[in-house]
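Work through the exercises below with the model open beside the text. Each task is followed by a solution that goes step by step.

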Amino acid sequence: MPEMKSVPVKNLALDLANYRTVRQNDEISAVEAMISTSPDRFWALMDSLLKDGYLPTENIIVLRSDASKLTVKEGNRRVAALKLIHGLLPLEKLPVPDEIAQRVNQISSVWLKANKNAPCTIYDAADAFIVDRIVTLAHGKGEKASRDQWNAVARARHNRDANAVSEPALDLLEQYLVKGKNLTQAQAARWAGNYPLSVLAEAMKRLAPRLGLKTSPVLASQYPAVKHREALEMILHDIGQDRLGFEEIRRKEPDFTSRYGLPVDSKPKPGESPGNGGAAGGTGGPNPGGGTTGGGGSTPGVPSKPKAVSINDPKAIRKILKGFAPRGKNREKVVTLKIEAERLDVAKTPIAFCFLLRSMFEISAKAYCKDHATTGGPSAQKKDGKDKSLADLLRDITKHLTGNNSDIEMTKALHGAMAELGSKDSFLSVTSMNQLVHNPKFSVAPSHVATLFGNIFPLLEAMNN
């Protein structure tokens with residue numbers, strides 16, 4: 001029988017093998033992963049705790065692995081937030097919004113005393129299976145409680161790790177996040193817990209024969225030692241960026257792989273369907289939540305819903321910002337600006353958005369310089385002590401990020417950003433952003449902002465890794 005008791009928050013250990021993301025090395029890394037996967041939900045939860053304290057309406061589910069180790073299996077976000085408020089984990093290592101940081105610093109001793117413990121239901125190690133069932137029912141079944149439901153990645157990870165079911169799309173994704181050559185650290189952190197996995201599974205069924213492989217599991221097992229690795233990684237990246245979805249993948253003409261330079265599919269052998277994934281219970285077709293486990297492709301008669309948004313649609317900006325999770329010291333204001341920018345309707349407030357965008361670039365640039373001040377990084381000041389212009393500072397940072405153009409992949413990723421920011425004619429150039437501030441007649445159109453934001457965002461993201 002489980003034991004129900006109030007446990008000091010300091011005695012509870014976060015689950016470093018949480019299904020929402022890849023295994024973490026320590027608790028601060030685990031919290032970073034939670035924030036990267038779903039920043040809005042994490043800070044909303046912390047805001048609620050600061051306002052109302054911990055409401056003991058539901059116990060934390062805990063697994064006792066030995067006499068002293070109590071690992072949280074259900075309630076990791078709640079316990080993580082409590083640990084941050086109590087100072088058990090360092091706030092300065094995380095991109096905490098200004099308002100949250102201020103309230104934590106001003107928290108009363110009464111609040112701290114009242115929320116020192118958390119109500120827990122403690123199971124022994126022998127009951128691990130029961131605990132897993134409880135967690136699965138809580139997060140994997142689509143309940144409409146306030147819990148953050150498992151997405152496709154978490155469901156697939158649980159399916160593979162707890163139920164020993166083949167999940168080739170997840171296997172390929174996790175290898176790509178470690179060995180891929182065309183993604184940033186921020187993208188790797190975000191996609192480890194939130195990625196269109198069912199889209200990748202659909203693509204893999206068609207990709208395997210084009211790469212000379214029989215099935216999706218074989219493709220996952222042989223990556224990165226596969227033919228046309230660069231093209232495969234471009235596809236993985238485009239799926240993660242929502243540039244490639246079910247509609248494009250399932251379209252017969254033109255075949256989606258043609259844009260990546262892959263060879264035409266060979267005819268299947270007798271009795272073999274083209275590009276069959278071959279994995280029983282693998283990641284299957286789409287569902288309304290953006291991914292599945294345990295399917296076998298598309299559902300007959302059910303049209304797919306494309307996730308892509310036109311690059312000149314202001315909605316594309318909100319889509320990009322939603323997945324933006326600044327990391328590192330001195331990023332608190334960047335997080336606050338990001339949240340405010342995400343709330344704006346760019347179609348109605350393009351100038352206000354550009355003001356926030358310029359502020360994000362300037363603060364991010366200065367924070368980046370502080371990060372690398374002791375390792376030969378760029379300085380935000382000239383030799384005479386005056387601040388560099390934003391254009392010059394961003395140029396210096398780009399040189400540092402690319403190793404003076406020696407890092408070919410990073411150079412490619414940031415080329416568009418510097419071209420836009422450096423061009424006096426670009427609507428999102430440093431010059432134009434200055435004009436927005438100082439010229440009473442200069443303005444911008446929402447469609448221009450939406451189109452060009454995608455070009456300059458990689459630099460903003462890279463400065464906040």
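This is a predicted model: local features need pLDDT of at least 70, side-chain atom pairs count only at pLDDT 80 or more; totals for chains, interfaces and linings use all residues.

**Exercise 1. Locate Glu-58 and decide whether Glu-58 is buried, partly exposed or exposed.**

Solution. Glu-58 sits in the loop between α2 (39-52) and β3 (60-64), where helices (H or I, at least four residues) and strands (E, at least two) are DSSP runs numbered from the N terminus. The relative accessibility of Glu-58 is 33%, and Glu-58 therefore counts as partly exposed; buried means under 20% relative accessible area, exposed over 50%, and partly exposed in between, with a 1.4 Å probe and protein chains only.

Residues are numbered from 1 along each chain as its sequence is written, and side-chain values use heavy atoms, with hydrogens and water left out.

**Exercise 2. Trace the salt-bridge network that contains Glu-174.**

Solution. Side chains of opposite charge can pair when their charged atoms come close. The criterion here is a side-chain nitrogen of Lys or Arg within 4 Å of a carboxyl oxygen of Asp or Glu, and a search of the whole structure finds 25 such salt bridges.

- Begin with Glu-174 and Arg-157, whose closest N and O atoms are 2.9 Å apart. Glu-174 lies in helix α8 (residues 168-179) and Arg-157 in helix α7 (residues 152-163), so this pair ties together parts that are 17 residues apart in sequence.
- Next take Asp-161 and Arg-160, whose side chains meet in a salt bridge of 2.8 Å, N to O.
- Then take Arg-160 and Glu-174, which form a salt bridge with the closest N and O atoms 3.0 Å apart. Arg-160 lies in helix α7 and Glu-174 in helix α8, so the pair ties together parts that are 14 residues apart in sequence.
- Join the pairs through shared partners, which gives one network of Arg-157, Arg-160, Asp-161, Asp-171 and Glu-174.

**Exercise 3. Find the backbone features in the loop between α11 and α12.**

Solution. Most residues other than glycine have a negative phi, and most peptide bonds are trans. Pro-224 lies in the loop between α11 (216-222) and α12 (229-240), and the peptide bond from Tyr-223 to Pro-224 is cis, with omega near 10°. His-228 is also placed in the loop between α11 and α12, and His-228 has a positive phi of about 55° although it is not a glycine. The relative accessible area of His-228 is 36%, which makes His-228 partly exposed.

**Exercise 4. Say where Asn-404 lies and what its phi is.**

Solution. Asn-404 belongs to the loop between α17 (390-401) and α18. Phi of Asn-404 is near 55°, a positive value in a residue other than glycine. With a relative accessible area of 57%, Asn-404 is exposed.
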